[in-house]
Amino acid sequence: MDFIYANWPVLLTILVVFGALQGTCGFLVYVERKVCAYMQDRIGPNRVGPFGLLQVLADGLKFLLKEDIIPSHVDKVLFILAPCIAITTAMLAFAVVPFGAAEMPPQAPLPLNALASPQEADAYKSAMATYTSQMTTYQGNYQFMIAKNVDIGILFIFAVSSLAVYGIILGGWSANSKYSILGGLRSSAQIISYEIPLGLSILGIVMLTGSLNLEWIIGRQAETGVWNFAYQPLAFIIFMTASFAECNRLPFDLPECEQELVGGYHTEYNAMKLALFFIGEYCHMITTSFLMVILFFGGWHLPYLVTPESGWLIKLIVFAGKVTFFILFYMAIRWTLPRFRFDQLMALAWKVLIPLALINLVAVMVVMHLKLSPWLLLPVSLIALVGAGTMTAAEPEYRKPSPTTTV
Amino acid sequence: MPIAEKDVRWVSPTKLSLMDRLYLPSIFSGLGTTMKHAFSKKVTQQFPEERPQLPQHYRGVHRLNRDEEGRVKCVACYMCSTACPARCIDIVAAPSPWKDREKYPEIFVIDELRCIYCGMCEQACPCDAIELTTLFDLTGLSREEMMFDKEKLLSVFDQTVKDGTDPVRTTSGKLSVASEPKV
């Protein structure tokens, strides 16, 4: 009881975020269908409720009430566990994501050296006192996130969301069907490959900010008034491409391509277990959209309009607006680009994205070490991008294979 | 049998320009296309509320035409049922009660489920008595219900005349040679 009394704001946030996230996932299915329809000159779902908005409820009800079939040839334990893993990891990753106004937590002063002079000891003591009082105010204020002041913030997200691959590969493996296992294999290869550019692309941001803490990353952008996108557009492009692949979204949705794999890893799933996979996927999409906004587009910050002093409501709205834009962008891309071939997918990750991310990282290191203006990174980004294009253009042409004697 | 060397044509992928190699310009031009479509006029027809405007020569449910006096125009010559490839027209002729023709159909039944809507009956008809209309959403709860008899087919005529959806093939006017009054 005491625990609930002491932590009720956090518990309430968890409840609200959990509900909102699930609701949004259901709603995104509707949005996806609408976006798809509009891009194909159709109208889309419009029969259930006004503008078809209740389609979400109808779909959810259908998933819940359908007969839950478990094929006899599956490994039952893993088969049931897989969707649970998929949704748990997707939900868990959201724990450290600030979704509204979240102030920068105060930083503790550096620990005292044993050989410190009395003056230094005094300075440390006063700094510690300020820190403690700041921390008390910070703890007293409500922050729009579940777990506030997590110093490893972004590392936690990557660690947890990489676990999602277990859901997919276990789902594919336990189903005991060739389509499922092929989907699962593709997925694991893809996710492991794209983890690398994903991680490398944000290292530049982390170095520039000096913190893994997501509130700090937003706070720094709001303080300087310049979004990280302006410094490192290349890192953003790499991050976005890699997160598309991480979410198994088109043009990288090879794990579940309907044409070759009959749905891929979730071929054998139906009813609510299938829905859990979908919710997990859409959750991932929401989380990565949040990350893109936080890392590269300043979170709730809008230059001159929304500053750290603005009210929480306007910050929430601006944040939600930016995230909505990226989710819609995800969908627009899905209905615009065709799917990559598997070798193209791998070539893109290993031959293009990883070297580019490394170049970007080295550029950030040099700029930081020589204490140059971070604006230098912008031309470096552009040069690296065009340079990569030129280098691939110099690739040897496709040659006719020499005649073989095999008949 | 292996494919002969002369039949094999090797194709190489077209060389991409720098702009294509950069991917991003192509992606944005693609997005431009989809976005243009997203805000363009929709082609969807909301069926039960919006009815399609079918061409007047559409071949839907049959009708039996009436002459000027409101009698059935058919002279029971069996041309349609002979021409019918699906054998779905069943006619029983009887001596005509009217002076202008010898016979008239006592029973005239079309099995709308067997019919393939080819329109050969109306081509065969010498007096334009049978025609296919633009009615297309034909439904019924039983097979018996879909056997359209004379009254039903005449009511289809009345309905289409009322709706002003006469097929364009109608030459209307007088009865044809087969029904010329006896001399």
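What is the volume of the largest cavity? It is about 130 Å³, in a predicted model for which local features need pLDDT of at least 70, side-chain atom pairs count only at pLDDT 80 or more, and totals for chains, interfaces and linings use all residues. Residues are numbered from 1 along each chain as its sequence is written, chains are lettered from A and ligands numbered from 1 in the order in which they are written, and side-chain values use heavy atoms, with hydrogens and water left out.

**Figure 1. Overall fold of chain A.** Chain A holds 15 helices and zero strands (DSSP runs numbered from the N terminus: helices are H or I of at least four residues, strands E of at least two). Its radius of gyration is 24 Å, close to the 22 Å that the globule rule gives for 407 residues, so chain A is as compact as a globular protein of that length (radius taken over C-alpha atoms; the rule is 2.2 Å times the number of residues to the power 0.38). The C-alpha trace spans about 85 × 65 × 45 Å along its principal axes.

Figure 2. A cavity is a set of points on a 1 Å grid over the protein atoms alone where a 1.4 Å probe fits but cannot get out; a pocket is an open set with protein on both sides within 12 Å along at least five of seven lines, and lining residues have an atom within 4 Å of a point. Grid points are joined across faces, edges and corners, and a volume is the space filled by probe spheres set on the points. There are four cavities of 30 Å³ or more. Of the 13 residues lining the largest cavity, A:A164, A:I168, A:N248, A:E281 and A:H284 are the closest to its centre. Helix α12(A) contributes the largest share of this lining, four residues.

**Figure 3. The second largest cavity.** Its volume is about 100 Å³. Among its 14 lining residues, A:I157, A:S161, A:H284, A:T288 and A:L291 are the closest to the centre. Again α12(A) gives the most to the lining, with four residues.

**Figure 4. The second largest pocket.** About 770 Å³ of space lies in this pocket. The closest to its centre, of 33 lining residues, are A:V29, A:F63, A:A275, A:F278 and A:Y282. Helices α1 (2-39), α2 (55-65) and α12 of chain A each supply at least two lining residues.

Figure 5. The whole structure has 23 aromatic pairs over all chains (rings of Phe, Tyr and Trp, the last by its six-membered ring, with centres within 6.5 Å; planes under 30 degrees apart are stacked, over 60 edge-to-face and the rest tilted). The ring centres of A:W227 and A:F297 are 5.8 Å apart with planes at 70°, so this pair is edge-to-face; the two residues lie 70 residues apart. A:F244 and A:Y330 are stacked, at 4.5 Å centre to centre and 15° between the planes, and join helix α10 (residues 233-246) to helix α13. A:F244 is buried at 4% relative accessible area, and A:Y330 is buried at 0% (buried is under 20%, exposed over 50%, partly exposed in between; 1.4 Å probe, protein chains only).

**Figure 6. A lysine over a tryptophan ring.** The charged end of A:K315 sits over the ring of A:W300, 4.2 Å from its centre (NZ of Lys or CZ of Arg within 6 Å of the ring centre and within 35 degrees of the ring normal).
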